[in-house]
Amino acid sequence: MEAVGTRSGHHTLVVLVEDAPGVLNRVVSLLRRRSFNINTITVGASEQPGVSRMTLVVEGDELEVEQAGKQLYKLLEVLKVTDITHTNAISHELALVKVATKPTNRQEVMLAGQIYDARFVDATPSSLIMEVSGSPERIDSFLNMVKPYGIRELVRSGPIAMSRGGGSVQIRDGKFERHNGMPAAAD
């Protein structure tokens with residue numbers, strides 16, 4: 001049996017940062033220097049003006065990920081780091097998939113897309129481009145369904161994630177908060 005805090009795997013971190021040039025580069029460089037493998041990173045605006053929200057999926061055990069959070073707080077632009085891996089979170093991705101089609105299988109490919117509520121965004125006589133969104137497992141399942149027809153091109157956004165319920169990952173009144181054992185930056 002594994003000791004508590006040593007389970008290795010994927011962890012989903014939500015990092016709130018100041019919306020400023022170069023912040024993404026500093027975050028990625030810090031994790032790279034510490035030998036963390038970033039599986040995916042997604043960055044976008046948050047509900048708070050001047051604050052961007054990063055969703056990072058990193059590999060490591062509990063202690064390594066906790067250390068990554070502590071290191072991230074050393075960057076001045078990092079406002080909050082939250083590991084939502086073991087919370088009741090919703091995780092969604094977006095994928096664009098170009099699938100090869102022939103007159104003999106076009107209807108089958110279209111049916112596969114309809115089963116997964118894919119949106120058809122382009123069609124040519126030899127291919128269909130479909131947009132599909134949902135959990136990473138749903139995207140994987142869709143890709144397995146259309147793989148036999150020939151995936152010509154694929155792009156995935158990486159997950160964005162949010163905890164369920166009334167709680168939220170945000171900064172209130174300009175104060176740093178503690179969450180999941182990761183210390184807040186010093187004031």
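This is a predicted model: local features need pLDDT of at least 70, side-chain atom pairs count only at pLDDT 80 or more; totals for chains, interfaces and linings use all residues.
Q: Hi! Let's start with charges. How many salt bridges does the structure hold?
A: Hi there! The structure holds seven salt bridges.

Q: Which residue does Arg 26 form a salt bridge with?
A: Arg 26 pairs with Glu 77, and their closest N and O atoms are 3.0 Å apart. The pair links distant parts of the chain, 51 residues apart: Arg 26 sits in helix α1, and Glu 77 is in the loop between α2 (62–72) and β4 (78–83).

Q: And is Glu 77 buried or exposed?
A: Glu 77 is buried, because its relative accessible area is 15% and the cut-off for buried is under 20%.

Q: OK, what about Glu 93? Which residue does it form a salt bridge with?
A: That one is Arg 156, with the closest N and O atoms 2.8 Å apart. This pair also links distant parts of the chain: Glu 93 is in strand β5 (residues 89–100) and Arg 156 is in strand β8 (residues 151–156), 63 residues apart.

Q: How does accessibility look there? Is Glu 93 buried or exposed?
A: Glu 93 counts as buried, because its relative accessibility is 9%. Arg 156 counts as partly exposed, at 31%.

Q: What does Arg 156 do with Asp 140?
A: Arg 156 forms a salt bridge with Asp 140 as well, and here the closest N and O atoms are 2.7 Å apart. Asp 140 lies in helix α4 and Arg 156 in strand β8, so this pair ties together parts that are 16 residues apart in sequence. Asp 140 is partly exposed, with a relative accessible area of 36%.

Q: Which residues end up in one network through shared partners?
A: Glu 93, Asp 140 and Arg 156 do; salt bridges that share partners join these residues into one network.

Q: Now a charged residue without a bridge. What's the story with Arg 106?
A: Arg 106 is buried yet has no salt bridge. The nearest side chain of opposite charge is Asp 122, 8.3 Å away. A salt bridge needs the atoms within 4 Å.

Q: Where is Arg 106, then, and what is it in contact with?
A: You'll find Arg 106 in helix α3. Leaving aside neighbours within four places in sequence, Arg 106 is in contact with Thr 101, Ala 123, Thr 124, Pro 125, Ser 127 and Leu 128.

Q: Switching to rings: how many aromatic pairs are there?
A: The count comes to one aromatic pair. Tyr 116 and Phe 142 form this pair, which is edge-to-face, at 5.5 Å centre to centre and with 70° between the planes.

Q: Why does that pair tie together separate parts?
A: Tyr 116 lies in the loop between α3 and β6, and Phe 142 is in helix α4 (residues 136–146), so the pair ties together parts that are 26 residues apart in sequence. Both Tyr 116 and Phe 142 are buried.

Q: Back to α1. Which residues are buried there?
A: In α1, the buried residues include Val 23, Val 27, Ser 29, Leu 30 and Leu 31.

Q: Which residues form the nonpolar patch on the surface?
A: Leu 24, Val 28, Ile 41 and Val 43 form the patch, with about 270 Å² of accessible area together. Both α1 and β2 supply at least two residues each. Val 43 has its place in strand β2 and counts as partly exposed, because its relative accessibility is 42%.

Q: Why would residues a few places apart in a helix point the same way?
A: An α-helix has 3.6 residues a turn, so residues three or four places apart point the same way.

Note on methods: Residues are numbered from 1 along each chain as its sequence is written. Side-chain values use heavy atoms; hydrogens and water are left out. Rings of Phe, Tyr and Trp (its six-membered ring) pair if their centres lie within 6.5 Å; planes under 30 degrees apart count as stacked, over 60 as edge-to-face and the rest as tilted. Helices (H or I, at least four residues) and strands (E, at least two) are DSSP runs, numbered from the N terminus. Buried means under 20% relative accessible area, exposed over 50%, partly exposed in between (1.4 Å probe, protein chains only). Lys and Arg count as positive and Asp and Glu as negative; His and the chain ends are not counted. Contact means heavy atoms within 4.5 Å. Patches are made of residues with over 30% relative accessible area and no salt bridge: like charges are joined within 9 Å, nonpolar side chains (Val, Leu, Ile, Met, Phe, Trp, Tyr) within 5 Å. Accessible areas come from the Shrake-Rupley method with a 1.4 Å probe; for residues, only the protein chains shown count as cover.
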